[in-house]
Amino acid sequence: MDRSLLRTMNGTALALGLTLFAAGPAPAAQSGNVAIRAGKIITNTGEVIEDGTILVENGRITAIGKDVKVPLLVEVVDARKLVAFPGWVEAISNRGMDRANENIDVAAFLDVRDSIDPVNFYFEDALRAGVTTINVQQGSDCVIGGMGHVVKPLGMTVEAMSVVPRAGLVLSAAPRRGKSQATQAQALRRAFGDLRRYLEGIVQEKRDGKDLARREALYQGREPSEGEQPDKGVAMKGTAWKVQGMELVPRWELDEKQVPLLRMVEGDTPAFVYCSSPSEVSIAIEVARDNGFLQRTTFVVDAPCWKAADELAAAGRPVILDSNLVHVENHPVTGEEVRTFVPGVFHEKKVQFALRSQNASTQSLWYQAARCVAYGLDRQTAIDAATKVPAKILGLEQRVGTLEPGRDGNVLLYSGDPLSVTSFVEHVFIEGVHAYDRSKDVRIKHLQTGAQPENTSASEARPEDRTEAEKQGDEGEEEEKDG
Amino acid sequence: MLASLSFALLASAGSPGAPELVAVQAGTIHVVAEGRVIEGGGTLLIRDGKVVAVDKSSALAVPPGARVVDYGPSAVIAPGLVCADSTFGRQLPAERTADVGIRAADNFDLYASYASTLASGVTTAYVPPARGRLISGQGAVVKLAGGPGATRFLSTSAAIEGSISSDARNTPGYWEPPIPATVDVGLGVEQRQLPRTTMGAILALRELLALAAEGGPSKEYGPYVGPELAQLLAKNRPWRMRAESVGEIRALLGFFGENGLPLVLSGAGEADELAAELARAGVAVIWNVPLRPNAPPLDRGKDEESRWPRYDVASKLAAGGVRFAIAPAVGGPASTLRFAATVASRAGLSEELVLRALTLTPAEILGVADRVGSLAPGRDADLVVTSGSPLAPTSSVIATWVEGEVVWKVKETAATVLEVEELHVGDGTILAPAQILLLDGRIAEVGRLVARPEGSTVVRGQAAMPGMIDARGHLGLEGSSKVPAARFELKRLVEPGDYADRRVAAAGVTSVILTPRGVGSGGTPSLAYKPAGVDLESMVIADPVALNVQWSPERNPNRHKAGESVRELLRKGAEYKKRWDDYEVALKSWTPPPPAPPAAEPAKKEGSGEEPKAEGEGETKKEKEEEPKDAPPKPFTGTWETEVVDPASGEKTRLRLRLLHEGEKLEGNLRCNLASDSLVELSGALSEGAISISGLGSRGRVLIEGKVIEVEKKKDAKKKKDEKAAEEAPQVRRLAAKLSWPGGELEFEAPQTGEDYPVARRPERRKEKSESAPEPKGKPKSPGINPDLEPVRAALEGRIALVVEVYRADEILDCVRAHEEVGIRPILFGADEAWKVAGELRGRVAGVLLDHRVTYSDAEMGTRSRNRYAELQSAGIPVAFQSSAEEGAAELPMIAAYAVANGMSPVGAIRALTSDAAEMFRIGHRVGRVQAGLDADVLLLDGSPLRVGTGVQRAWVAGREVRLR
C-alpha cells in the first residue's frame with residue numbers, strides 16, 4: 001500500500017514537471033512554492049476570480065488575483081481549464097489510525113499521534129476527495145478518549161503530516177457498549193471528580209510535607225519542562241472550579257494520566273463531545289459547563305440530536321453532524337414515517353454546524369455539501385459547513401477554508417463545479433506541494449480501464465509479499481538481461 | 001388588519017397579555033384532595049398550566065372570555081395518574097453492588113414520545129435508576145409530557161433506590177483493568193460482591209452507613225459511595241427499598257427503625273401481613289401489583305411454600321391504616337397502571353381509596369404532592385378525562401391534559417357505545433338496561449355490558465331503537481314524476497350529502513324504500529337506501545329491492561280488466577324464468593369437450609346474467625335510430641363532475657352539473673353542497689359558445705358562467721364509463737366555469753362524464769365483450785338476458801319483493817291467488833279493504849302497506865272508526881308505515897304515533913316501523929333490528945319509544961352520527 005501511494009505521487013510529480021520528496025532535483029516544489037493559473041478561482045470568501053493566479057510561497061498563499069507577478073524560479077502550473085477551490089476540512093474523523101484506543105474508559109493521557117498510520121489508505125483517499133485538513137480523533141466508545149491530532153494527508157511520518165498536535169480531547173456522552181446513559185453520565189462526572197480528588201490529595205500531601213508525587217515522578221523518569229521552575233507550581237486556572245494550593249505542586253510532578261484533563265478544565269484544550277441522542281446533549285452541556293470547558297467544546301452529534309437544537313443554540317457552541325443527514329423515525333401515534341433534514345434544523349436554529357464524511361471516498365465532504373444543497377440549504381452555507389466552520393472549530397480559520405493571502409496553500413483543482421458529481425479533483429496542492437494528480441492515479445486508472453496496476457497482477461504474488469530472496473532473484477535476472 | 005384581529009382575540013380573553021383562562025367541564029370531577037368529589041356537573045378553571053378553581057358548575061361561573069372545553073355529563077375528570085414505578089430509560093445497573101451516583105434522570109429520554117402511557121391516563125412517573133442492586137442509584141420523578149427539556153423533572157433525586165429482595169443478590173464480581181497491565185502489576189482478579197442473603201443485605205446497609213459517616217473510600221464499595229451517600233443523608237432523602245417477603249420487610253423495618261431513616265417500602269408482596277407494624281412505623285408502601293398483562297403467566301412453584309400472587313394486599317393495607325400507593329408489576333409498563341388498579345380494587349377496596357393510591361398518595365410518597373396528585377387550586381392542571389368512572393374497566397380515557405394542555409386525546413368515532421335504560425330491538429323484544437357497540441359501521445355487540453375498544457365514544461341515553469324504515473317513499477326523486485322502466489337502476493338517482501336527506505335521517509327515518517311516483521305496465525323498480533349514508537356504498541341497501549305493479553288502478557272503471565297486465569307480466573316472467581332454469585339444468589349436465597378453453601366457464605354456469613351475446617342487441621339498434629348521424633352536436637348536454645375546494649374551509653366537495661341543451665336554451669341541475677344544500681334547478685341560455693345559467697338554491701341564487709374547452713384525451717381514461725367514449729372520440733371535453741352563490745364564488749374545470757341528460761336515462765350497456773374463443777359445439781345456448789324481465793324473475797325466485805297496488809277485497813283475493821300460482825307472497829299496497837279479508841290473507845302475503853288513513857270510517861260505521869293498521873297487525877299480517885312523500889318521510893314516526901294513539905300496540909308500531917318493514921322487503925339482514933351483525937343504524941331517544949311524546953335525540957347511520965350543520 002505504501003509503495004503504490006509513493007508511486008502515485010511520483011508519477012504525479014513527473015507529469016507536471018514537478019518533483020516530490022527527495023526523489024528529484026527540484027527542491028523548490030518541496031518547499032511549497034508554486035503559481036497556479038486557474039480558469040476560475042472560487043476563493044470561498046464570496047469572490048470568484050476568472051483566469052487568475054494563486055501564488056504560493058513557502059506553503060502559504062502570498063498573492064491571488066488576475067494580475068499576479070510570479071517571481072523567477074517559481075514553477076507555474078497551467079490549469080486554465082480547471083477550477084481552483086480551497087481544500088475541504090474534515091472536522092472530526094476516527095480513521096487513519098492503526099487501532100482506536102477504546103479499551104480504557106478514561107484515557108485522557110492517550111494521544112492518537114501514537115496511533116496514526118501515515119500510509120493508511122484513508123489518507124490517500126482523502127486526497128482524491130480533496131480533503132486536505134483532517135482532525136483525527138478517538139471514536140465514541142469511551143468516556144474520555146484521548147488527545148487528537150489535526151493532520152494533512154501528505155507526508156510519510158506523523159510529524160510531517162502534523163498541522164496541530166494535541167488538537168483536543170474526545171469525550172463521549174453516548175453510552176459505551178452495554179452501558180446505560182446514566183452510567184455513562186456518572187462515569188463522565190466521576191472522571192472530573194477523580195481529577196479534583198487527585199489534585200486535592202496531592203496538594204494536601206505537599207502541605208503535609210510528604211513528597212510522594214515528586215518521588216513517583218522521578219521514579220518514572222519525568223523532568224521539569226523547559227522554562228518551568230523545578231520546585232514551583234502555578235495556581236490553577238479555570239472558570240468552573242479550582243483546587244487551591246496548586247502553586248505548591250510543580251506541574252512536572254503531576255501524574256501524566258491526569259494532566260490532559262487538568263489542562264482542559266483550565267480551558268487550554270478544546271473538547272469534542274460525542275452525543276448519540278438528544279438527552280445526552282443536555283448531559284454533555286452540563287458536564288462541560290460544570291467543569292469550565294463549555295466555551296471550548298464542540299458537540300459531535302448523531303442525527304436524532306436535532307431535537308436538542310434549542311439547547312445547543314442556547315449553549316452557543318458549534319456541532320459536527322453525523323454523516324447521516326436525514327433523521328427517520330416513526331410517528332409514535334400514527335406510525336407514519338417522519339423524515340427530518342438535520343442540517344436544515346440547525347441552520348434554522350442558528351447553530352453553527354460542520355459536515356462530516358462517512359469515509360474519505362464514500363459520502364465525502366463535497367458530496368455531503370451537495371446533498372445539503374439538494375435538500376434546500378443555500379449553497380454557501382453548505383460549503384461553509386465543510387470549509388470555514390470546521391476550520392473555525394479547529395482554530396484554523398486563519399489557515400484553511402478559504403483561498404486568501406496568508407492562508408495555507410491548500411488548493412484543489414476541479415474539472416468543474418466542486419459540488420457536481422460530474423467534476424473530479426484533478427490536482428491537489430497541500431501547502432504548495434503538488435500532492436495528487438488524477439491522471440496519474442493508478443487506482444483510478446484501474447477502476448476505469450480494468451487495467452491491473454503494475455506489479456499487482458492477481459495471478460502473481462504482489463512484490464511486497466514476496467520473500468527477500470525472490471526479489472533478489474528478480475534483480476539478478478534483470479542484470480543478466482542487461483548484461 | 002391582522003393586528004386588529006389579534007387585539008380582538010386578546011381582548012376577548014380578558015385583559016390583553018394575560019394567560020388564557022380555560023374552563024374544563026365534565027359530569028364528575030375527582031379532586032382527590034380532602035376526598036372531594038364534585039358530582040352533577042363540575043367546572044375546573046385553568047390558567048397558566050395551574051388549577052385556579054374547581055367547583056360545581058352551578059357554583060362556579062365561567063368568566064367571560066374563557067375557553068370552555070366541555071366533555072359532557074357522562075365524562076369524569078380525575079387528576080393525572082402518578083405511576084409510582086416505571087420502566088422508562090435503559091435501567092442497567094452499575095457494576096458496584098451499591099452506587100448512589102447513578103441518576104435515573106440521566107437515563108430518561110425527554111425527547112421521546114410517551115403517547116401510549118399518556119393514553120392510559122398516567123401523566124407523572126417515578127423512574128428508578130436501575131434494579132438488581134442493593135443500592136442502584138437515585139430515582140427521579142418526571143412528567144411524561146409538557147414543558148421543554150429538564151423542566152419536566154419534578155425531582156431528579158427523589159429517593160435512594162435499592163433492594164434487599166432476591167433480585168439484588170446476584171451482583172457479579174467487580175474487576176477494574178489495571179493501567180498499565182504489566183508483568184509487575186498483573187491483571188488481578190475480580191472482587192466478589194455481596195450480599196447474597198437478607199442478613200448480608202442488612203449488614204451491607206450497616207457498612208454503607210458507617211462509610212457515609214466516615215466519608216472515605218472503601219475497598220469493597222469503591223471510592224465514591226461513602227461521600228455521595230453522606231451528601232444524600234444530609235438532605236434526608238427517603239430510602240426506597242424493595243422487599244417482598246415478610247422476613248425481608250421485617251428486616252428493613254428493624255434496620256431503618258434503629259437508624260431513624262425515612263423508609264419507603266416497594267414491591268411489598270407480603271406487606272399486608274405486617275400491616276400493623278408498618279402503620280405503627282409510619283412507613284409508606286408502594287405495592288407492585290403482581291400481574292403483568294400482555295405477558296405470559298408465570299409458574300410460581302408447586303410446593304406449599306411457593307408464593308402465589310395475591311391481589312388483596314392493598315385492601316388489607318388499607319384496613320390496617322397503612323399509607324400505600326399502587327404501582328404496576330415490577331418491570332411492567334406504566335400504561336398498565338389503571339388496569340392494575342382495577343385488579344387491586346376487586347378485593348373490596350373502595351374506588352375513592354384506589355384513586356387516591358394512584359394519585360395523591362404516590363405524589364406524597366415521591367415528595368411532589370405540591371405539584372401533582374390532586375386537582376386542588378394551585379396544583380398543576382394534569383388531568384385524565386374518562387368516559388365513566390376512571391377505575392371501571394369499561395371506561396376509556398377520552399383525553400389527557402398536562403399543565404393545561406391536551407397532550408393526548410382519543411381518536412374520534414373509532415367505536416361508539418350506547419348505554420340506554422331501554423332498548424327496543426325492533427322485533428318486539430325489549431332489553432333493559434342495555435348497551436350497544438357500534439364498530440366499523442355495524443352493530444358489533446348488544447347486551448347488558450359490551451366491549452369497549454380504545455377510543456370508544458360512550459353515549460348515554462334513555463332508550464334506543466333501530467332506525468325506522470319508510471316502506472314507500474319518494475325521497476331522492478327531486479320532484480320527478482317520470483316512470484322508469486323495470487330495468488332502470490334507481491341508485492343512479494341518489495347521492496350522498498343532501499341536507500334534506502340528513503334531516504329525514506335525524507328525524508329517525510334512516511332507510512327509505514324509494515319508489516317512483518306511478519307504475520309502468522312492465523313493473524317499476526324500488527330501491528332501498530339510506531338517505532344519510534356518507535358514500536354510495538353505505539347508502540344503497542338493495543337495488544332493486546322490489547318490483548311495483550298495479551292490479552287495479554283505484555279509479556279504473558274497467559274492472560273486468562283488473563289484474564290482466566299483472567297476470568301477463570307474471571306469465572312472461574315465469575316463461576323467462578323457466579328458460580333460464582332449463583338452461584342452467586342443461587349447462588350442469590353438459591360436459592365440455594376436453595380441449596375447450598375453460599376460461600369463460602364459471603361465469604356462465606352461475607347464470608349470473610353476464611351473457612354478452614344476446615344482451616342489449618335491440619337496444620343498440622334503437623339508439624342508432626334515435627340519433628341521426630347528421631344531428632348538430634350538442635356540446636353542453638351531459639354530466640360534468642369534479643371536486644371543488646371550499647375556499648373558506650379547504651374541504652373538498654363534489655360538484656355535479658347536469659345540462660340539457662335544446663336550441664338556445666339550457667336547463668339542468670347542480671349538485672354542490674357548497675352552493676346549496678339541495679339540488680338546484682338551473683335554467684339559462686347559450687350565447688356565443690358560453691353558457692350562463694342560474695337557479696335558486698337553499699342559500700340564494702346560484703350562477704354558473706363558463707364555456708366548454710376541448711382537451712386532448714389522455715390515454716388512460718380514469719373511469720370505466722368513459723372508456724368507450726374515449727375510444728371513439730379523441731378528445732375529452734371540459735367545462736371551465738365560474739360558480740357563484742351568495743357568500744362565495746369559485747372557479748372550476750369539470751370534465752364531462754356523461755353525454756346525455758340522465759333523468760330517465762336508460763341503463764348503460766354492459767361493458768363485457770365476448771373476447772373468448774367460439775363456443776364449443778354442443779354447449780347449451782343461453783336464453784339471453786332480458787333486462788325488463790330480470791326483476792320479475794328475481795321476484796319469482798324470491799330474491800326481491802313484489803308490491804301490488806290493489807284496493808278492493810275481491811280483487812285482493814284474486815291478486816293473492818294469482819301470485820300464489822307462481823309462488824309469490826306479494827306486499828299489498830293501498831289495500832283499503834284488506835281488513836275485510838284479513839283472515840284469508842294471513843300467511844299468504846308478505847305484508848300490507850296502507851295509506852295514511854290510519855283510522856277509517858264510512859257511512860255504514862257511523863261515528864265508529866276502525867284502525868286499519870291495528871286490525872291487520874292483530875290479525876297476524878305484517879304492516880309497515882309509508883310516507884309516499886319525499887322529505888315528508890320525517891313525519892313517519894307521527895303516523896305511527898297516531899296509530900298508537902288510536903289503539904295500535906306500541907310494540908307493534910315499533911315492529912311495523914322497523915323489523916316488519918325490513919322483513920317484508922327482505923332486507924332484514926341489513927336493517928330493522930338492533931342486533932349484532934346488522935348495520936349500525938340506531939336511534940337514541942329521550943324516553944321510552946312506547947310513549948307518544950318521545951322524540952329522537954340523536955341518530956347513527958352506518959355507525960356515524962347524523963349531524964345537521
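A polar contact here is a pair of N or O atoms within 3.5 Å; within protein, one atom must be able to donate a hydrogen and the other to accept it, and residues adjacent in sequence count only if both atoms are side-chain atoms. All the views below come from a predicted model, where local features need pLDDT of at least 70, side-chain atom pairs count only at pLDDT 80 or more, and totals for chains, interfaces and linings use all residues. Residues are numbered from 1 along each chain as its sequence is written, chains are lettered from A and ligands numbered from 1 in the order in which they are written, and side-chain values use heavy atoms, with hydrogens and water left out.

**View 1. Where chain B meets chain A.** By that polar-contact rule, 11 residue pairs (both at pLDDT 80 or more) touch across the interface of chain B and chain A. On the side of chain B that touches chain A, the residues split into 9 nonpolar, 4 polar and 7 charged. Chain B brings 20 residues to the contact and chain A brings 24, with contact meaning heavy atoms within 4.5 Å. About 1900 Å² is buried between the two chains, and carbon and sulfur atoms give 51% of that. Which residues of chain B lose the most area to chain A? They are Asp106(B), Tyr111(B) and Tyr224(B), together 38% of what that side buries. Buried area is the accessible area (1.4 Å probe) that two parts lose on being put together, summed over both.

**View 2. A salt bridge between the chains.** Asp99(B) and Arg190(A) pair up through their side chains, at 2.7 Å from N to O. The count between chain B and chain A is 4 salt bridges, where a salt bridge is a side-chain nitrogen of Lys or Arg within 4 Å of a carboxyl oxygen of Asp or Glu. Over all chains, the count comes to 87.

**View 3. The two sides of helix α6 in chain A.** Helix α6 covers residues 212-219 of chain A, and Ala213(A), Arg214(A) and Ala217(A) are buried there. These three sit on the same side of α6(A), because they cover an arc of only 95° around the axis, taken from the directions from the helix axis to the C-beta atoms. Buried means under 20% relative accessible area, exposed over 50%, and partly exposed in between (1.4 Å probe, protein chains only). The buried residues of α6(A) pack against α5 (181-207) of chain A. After α6(A) comes Gly221(A), with a positive phi near 85°. Helices (H or I, at least four residues) and strands (E, at least two) are DSSP runs, numbered from the N terminus.

**View 4. Lys530(B) and Asp937(B), a pair from distant parts of the chain.** The closest N and O atoms of this salt bridge are 3.1 Å apart. Lys530(B) is in the loop between β26 (524-529) and α13 (536-539), Asp937(B) is in the loop between α24 (915-920) and β42 (938-941), and 407 residues separate them. Lys530(B) has a relative accessible area of 1%, so it counts as buried. Asp937(B), at 4%, is buried too.

**View 5. A strand-to-strand pair in chain B.** Arg734(B) and Glu749(B) form a salt bridge at 2.7 Å, N to O. Arg734(B) belongs to strand β34 (residues 731-741) and Glu749(B) to strand β35 (residues 744-754), 15 residues apart. Arg734(B) is partly exposed at 23% relative accessibility, and Glu749(B) is partly exposed at 37%.

View 6. A cis peptide bond, omega about 5°, joins Leu194(B) and Pro195(B). Pro195(B) lies in the loop between β11 (153-163) and α4 (198-214). Ala432(B) to Pro433(B) is also cis, with omega near -10°, and Pro433(B) is in the loop between β20 (430-431) and β21 (434-439). Ala268(B) is not a glycine, yet its phi is positive, about 60°. Its place is the loop between β13 (263-267) and α7 (275-281), and at 0% relative accessibility Ala268(B) is buried.

Conventions. Nonpolar A, V, L, I, M, F, W, Y, C, P; charged D, E, K, R; others polar.
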